[in-house]
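Please look over the sequence and the model before reading on. The report below is meant to be read beside them.

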Amino acid sequence: MKRLLALILLVSFNSIAQVPKELSSELIILKVKSGKEKVLIKENRHFEAPNWSRDGKFLIINAGGFLEKIDLKGNNLGKINPEGINTVNNDHGLSFDGKILVFSKNDKDAAPTNNSRVYVANADGSNPRLVTPNFPSYWHGISPDNNFLIYTARRNDDWDLFKIPTQGGTEINITNTAGLDDGSEYSYDGNWIYFNSHRSGRMHIYRMRPDGSGVAQLTEDELDNWFPHPSPDNKSIVYISYLEDQKAGHPFGKEVKLRIMNLETKEIKDITPVFYGGQGTINVHSWSPDGKSIAFVRYTDLTKK
């Protein structure tokens, strides 16, 4: 297990190191059925992980440790409470009702490294408050009733999934299997938690009941599959697939594609061609409220042009 931990930490460091000094980032809205793309912004800087606002009027991205709002015409509406919300990483999003903003923040006051902790705030970013004193903790989901947050955390030299009351309290371990568990999200009806796990020796998509029971593996191919995002109608999930085995990591700057699974038939389809992406492309929930579109980030390494 210590070997796996060292590997994950190395991959995390290399993910940062692999971001080229010169690159462009494209914020893209993809119509899931037609495959039609709309590029909202394309800028020569590094940004990540779009979320939709619950009214569908803007997207939230992270860049340089801050959260920014981008409207559907590509206008930058500014940073969200930059005095109170900074050093954030790419794990952030809104509650189903749009009233709560959740984000993971790298807290150097807690530890020099591996110090991510989970915070909640009002939707406008006001009144940020710490929920997970323990670290590292990386947020990924919130229950539809706003009662619980779910997140990936390293405890006792293993990476498992946990939940905690949104207002704070005692964290509850909901997976306890050797190998990294990550990317947990509630379905819109609250009946399932979707996640990815390296428990088989390759990264695949799973789901379970909110109490951790009824675990079922959903993908079995030769791709490395990460970050399942359930659709608003509970009928499908979109996720990112690396073409090559990444050894439990999700690095930046690899050949990836987005795929969709029909949860009734288990049929899987590609919804993008292969592109340059990975870490930062689609780490967090990014379905539009109407369930017609997904937002993601595609990158270009300008040092190779």
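Predicted model: local features only at pLDDT ≥ 70, side-chain atom pairs only at ≥ 80, totals over all residues.

Residues are numbered from 1 along each chain as its sequence is written, and side-chain values use heavy atoms, with hydrogens and water left out.

**Confidence**

The pLDDT is the predictor's confidence in each residue, from 0 to 100. The protein has an average pLDDT of 94, and 94% of the residues score at least 70. Over residues 1–17 the pLDDT is below 50, and this stretch has 22 contacts in the model beyond near neighbours in sequence. A contact here means heavy atoms within 4.5 Å.

**Two open sheets**

Helices (H or I, at least four residues) and strands (E, at least two) are DSSP runs, numbered from the N terminus. Two strands pair if DSSP finds at least two bridges between them. Strands of a sheet pair through backbone hydrogen bonds, either parallel or antiparallel.

Strand 5 (residues 66–71) is joined to strand 6 by three bridges. Ile-70 faces Asn-76 in strand 6 as its opposite residue.

Another open sheet of four strands runs in the order 11-12-13-14, and its pairing is antiparallel. Its edge strands, strand 11 and strand 14 (172–173), each pair on one side only. Five bridges link strand 11 with strand 12 (residues 148–155) in the antiparallel sense. Here Gly-141 stands opposite Ile-150 in strand 12.

**A cavity and a pocket**

Rolling a probe the size of a water molecule over the atoms shows where empty space is left. On a 1 Å grid over the protein atoms alone, a cavity is a set of points where a 1.4 Å probe fits but cannot get out; a pocket is an open set with protein on both sides within 12 Å along at least five of seven lines; lining residues have an atom within 4 Å of a point. Grid points are joined across faces, edges and corners, and a volume is the space filled by probe spheres set on the points.

The structure has one cavity of 30 Å³ or more. The elements giving two or more residues to the lining of the largest cavity are strand 3 (48–52), strand 7 (88–94), strand 11 (137–142) and strand 15 (181–186). Strand 11 supplies the largest share, four residues. Of the lining residues, Leu-94, Phe-96, Ile-142, Glu-185 and His-285 lie nearest the centre of this cavity.

For the second largest pocket, the residues nearest the centre are Val-32, Lys-33, Ser-236, Ile-260 and Trp-287. Strand 21 (254–262) and strand 22 (268–270) each give two or more residues to its lining, and strand 21 gives the most, with three residues.

In the table, Ala, Val, Leu, Ile, Met, Phe, Trp, Tyr, Cys and Pro count as nonpolar, Asp, Glu, Lys and Arg as charged, and the others, Gly among them, as polar.

| Space | Volume | Lining residues | Classes in the lining |
|---|---|---|---|
| Largest cavity | About 210 Å³ | 17 residues | eight nonpolar, seven polar, two charged |
| Second largest pocket | About 500 Å³ | 19 residues | six nonpolar, four polar, nine charged |

**Backbone details**

Phe-135 and Pro-136 are joined by a cis peptide bond, with omega about -5 degrees. Pro-136 is in the loop between strand 10 (129–130) and strand 11. Thr-87, in the loop between strand 6 and strand 7, has a phi near 55 degrees, a positive value in a residue other than glycine.
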